[in-house]
Every structure is written in C-alpha cells, then in structure tokens.
Amino acid sequence: MFMRKDVLRLVSTGMRREFEPIEDKELNEIRLRTDKPVILVVNDKEYFLDNGRLEESLDEGALIVREADIKETMEYITNYSLYAFQDEVKKGFITVRGGHRIGICGKVVYENNDIRTIRNIQSLNIRISNQVVGCGENVAFMLQKEGKFRNTLIISRPGMGKTTLLRDIVRLMSNGQGGFAGHTVGVVDERSEIAACYLGKPQNDVGIRTDVLDCCQKKDGMLMLVRSMNPDVIAVDELGSVEDSRAIEYAALCGCNILATIHGSSVREIERKEGMKQLMEEKFFERYIVCDMDSTGRRVRKVYDKDYDMAGEFFG
C-alpha cells in the first residue's frame, strides 16, 4: 500500500520518493518546517521519515525540509498561482482537491488593521482528509424523535473526533439514513473542515440534501441559510461566542434545529462558557454527546439528555 496520489502530488518532487512507500490509511498530518525534520502524525502519534520508513526516534538519516521544498510544495498546492488563493492564505490555510487542508505559517502582513497575506512561508501542516463514513450510525437513533432531529451539541477535547462525527451525522440526516427521514441541512463551514470545499464543491460526502456556506462566519452563515435555503437543520462546528449563541436562537425561532460542536471535556464545563449558559438553562439542546477515550485507549461517546442524565454509551 502506497501513499495515494492526491496527497503525494502536494509535496516537492525531491521528497516524493521517501513519501511514496508510506501507507496513508491512518495518516493524519504531514508537518513541514524549513531546516527541520519532516514529522508525520500517524494515528495521532508522531514519526520521523528515514529512507521511506517511519521512525519513532530522530537520527542522522531523517529527511530534512529545505526552504526550496516549502516553496515548491506551495507551488503545487496553489497550482503555481499563490495570488489566486490570497483570500484563503490570509486566513492561514488552503483547502485543496480531495479535502486536504494545508495550514500556513510565515510573516503576517497587515493592512488597515486587517491581515492582508502571509509571506516568507516557512511552515506547512498538511492535514489529510480521512472521512469516516458510518461513524455516526451507532448514535443516530438517539438524536431523533418521531423522525425529527433533536437539537444536539457534540462536546470534546481537540483530536477526539467531534468534527468527524458531526460530518457523518449530517450525511445520515441528508441522505435519509440511520433512521432519519431525509432532512434539508445547511452547513456553515467556517474553517472548511466539515465539507472541505474546493472551489466551492464539497470534497467530503455530506449528503444529497446539504447546502454549504464555505469560509463563512457562523453568526453570518446561520442567518443567511435561514433567509435563503429553508433548512430543516443547521450544522456548525466549534461554537465559541455570544454572537454564535444569538444566531442559534434566531435560527431556532425560525423553525430550524441545530447540530453543533464545542471544545470541552464535560457538559458541566460547557455550561460555564460564555454564551452557553442561557441556552443550557433553557434546555435548548435535547442531546449532548461527549467524545473521549476510556482507560484502555478506546474512543467512547457518552450521550446525555437535556437534564444531563446519561442516555447511552457507545464505543468505536
């Protein structure tokens, strides 16, 4: 098994020989930093690259990133037209065909107190798109009542799969699978992580009844969807402001249900976050899903009802 072509074509030709033998099934990230060793994150664990092999420890044979590698990689990522991607570059990332997202670091240039672009790029983080189709099936039946979606908040620490779970629940609802009737779903994809749009077209499967606003702020996107697309459900990733909560309340008053995620480790922790207290006191969310790891390293999802009582526990 070799690294798939849509990933391999992103890196410089000088590095491809060493990348090609790597199996990419569990590959999460490729981290490139000028004059530093290549770091691959595989199944959430770091490895160095040495003559086409993954090594846990750093030695003299590790592949070192040259400044020319960064420049050439950026040329492939942007199809030799960095200017055409300036709107994305100034946000710190570019989404490419296949749904892969490349984070960018370098010199940030401001103009009139707004970020204009990033120059002298020295670090790239290629985040591999690995959609896990079906991961939401075991919890889907708990998120609906008489065919209608219940307002649901997914809670997890970084890296525990909250966006992956949200994406699959969107797909299930949109396709009318997992016990759902087919729902029209509006996705506000502020960081291009849910649908992973490339030139406006979702690269991830988010279902047949899903409309996506890419690179749009949640507080704006929710209002736009309500006014223009008449969604049954609006899905957003990483709530974090009072404005987000107000937009949720507006969408709900207009008859939309909400699927959202937020960073945290427990329902009680979220209750203390700015903008969330009122929503939770009003029992707006009927289901909470907390994503975590158990003591054996297995992924676990604990489902709670609106009174914070556990309603189910699922592994995998």
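Predicted model: local features only at pLDDT ≥ 70, side-chain atom pairs only at ≥ 80, totals over all residues.

Ile30 belongs to the largest nonpolar core, which has 32 residues. Together with Phe19, Leu32, Leu40, Ile104 and Leu124, Ile30 is among the residues that touch the most other members. Two or more residues are given to this core by each of helices H1 (5-8), H2 (13-19) and H3 (67-77), and by each of strands E1 (27-33), E2 (39-42), E3 (45-50), E6 (101-111) and E7 (114-127). Strand E7 provides the largest share, 4 residues. A second, separate core comprises 28 residues, including Met222, Val236, Val267 and Phe285.

Strand E17 (residues 287-293) pairs with strand E18 (residues 299-305) in the antiparallel sense over 7 bridges, and Tyr288 stands opposite Tyr304 in E18. The hairpin of E17 and E18 has 5 residues between the strands, and Gly297 there takes a positive phi near 90 degrees. E18 also pairs with strand E19 (residues 310-315), again in the antiparallel sense, over 5 bridges. In E19, Met310 is the bridge partner of Tyr304. The hairpin of E18 and E19 has 4 residues between the strands, with Tyr308 taking a positive phi near 70 degrees.

Finally, Gly240 lies in the loop between strand E15 (233-236) and helix H8 (242-253). Gly240 is classed as exposed because its relative accessible area is 60%, and exposed means over 50%. The C-alpha atoms of Gly240 and His263 are separated by 8.4 Å, although the two residues are 23 residues apart along the chain.

Terms used
Residues numbered from 1 in each chain as written. Heavy atoms only, no water. Buried < 20%, exposed > 50% of the residue type's maximum accessible area, 1.4 Å probe, protein only. Core = buried A, V, L, I, M, F, W, Y, C linked by side-chain atoms within 4.5 Å. Pairing = 2+ DSSP bridges.
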